[in-house]
Amino acid sequence: MESTPFLIGFVVMSIASVGIYVTGPKASAIRHHTQIHSLVPFIAATAYLAMYLGTFVMDRGDGVTLYVPRYGDWIFTTPLLLSSLVALALHEHPRQGGYVVAIVGLDALMILTGLLSAMSLDGSTRLVWFLWSCAAFAGVYFMLWGPLRERSSSYGGALGEVYRKNATQLSVVWLIYPLVFAIGPEGLGTISGTASVWAILILDIIAKVVYGFTAGERLKKAEPELSKREERRLA
C-alpha cells in the first residue's frame, strides 16, 4: 500500500522539475534561483524512486520501517533551498561563504541527528537525538529570521519583500516536518506508517513543488529591481 505515495511522489517531482525550470525567470541576476528550484524536485524524485523500488528501505529492528533515501533527499535539497535564500538576502554582498557554511552546517546536522533518532531502538536515546536535531533546527531559524532577515530588510522594496515571503513559506511548512516525525512510527507511533508517508509526501510537494513555482513568480515581479542592483554591483 505504501508504494503508491512513492510512485506519486516520483511522478509529481519529475514533472515539477521540468515545469519549474521552463516557467522560472531566466534573467542573469536571478536565473541561479530557477536552476536551484528545479534541481530540488529532481533530487526528490530520485529519492522517491529509490523508496518505490525499496532501495535502502529497511526495518529498524522493532517493526518500524526506515526510509533512508528520504534523509538523503533532505540533506541535499534543504541546503540548496537555504543557499538560494542566503543568495537572495545578500544579493549585493558577494561574500556569502560564512552565512552559507553556517546555515548549511546547522541544517545538515539537523538531518543527520534526525536520522540517528529514527535509527535508535532505545526511546531515551531517540529523544536525545531528536531534541539535539531540534536545537540545530532552531539555529537555522535564527539565521533566517535574524542576520539574514536584517540584511534583506535593509534593501527595502521588492528584494526584501521576496525574501520575507519565501522565508515565511518555507519556515511554516518546515515546522510541520518534525511534528510528523515526532508522532510517526519513528517517534511516538501515534499515527501509522502509511499516514506518515502520505503526510511527508504532501509536505514535500508543498516545500519543493509549490514553493518552487511561487518563488519563481515572486522573483519575476522583482526582476527589474534585482537586475538594476546586479548592474550596479558589477559596475
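Residues are called buried when their relative accessible area is under 20%, exposed when it is over 50%, and partly exposed in between, with a 1.4 Å probe and protein chains only. By this criterion, 46% of the 235 residues of the protein count as buried. The structure is a predicted model, in which local features need pLDDT of at least 70 and side-chain atom pairs count only at pLDDT 80 or more, whereas totals for chains, interfaces and linings use all residues. Residues are numbered from 1 along each chain as its sequence is written, and side-chain values use heavy atoms, with hydrogens and water left out.

The protein contains 8 helices and 2 strands, assigned as DSSP runs (H or I, at least four residues, for helices; E, at least two, for strands), and from the N terminus on these elements follow the order α-α-β-β-α-α-α-α-α-α. The radius of gyration, taken over C-alpha atoms, is 18 Å, close to the 18 Å that the globule rule (2.2 Å times the number of residues to the power 0.38) gives for 235 residues, so the protein is as compact as a globular protein of that length. Along the principal axes, the C-alpha atoms fill a box of roughly 60 × 35 × 25 Å.

Of the contacts (heavy atoms within 4.5 Å) with a separation of 6 or more, 75% are accounted for by residues 24 or more positions apart. Leaving aside residues up to four places away in sequence, Leu148 touches Val86, Ala89, Leu90, Tyr99, Ile103, Met143 and Tyr163.
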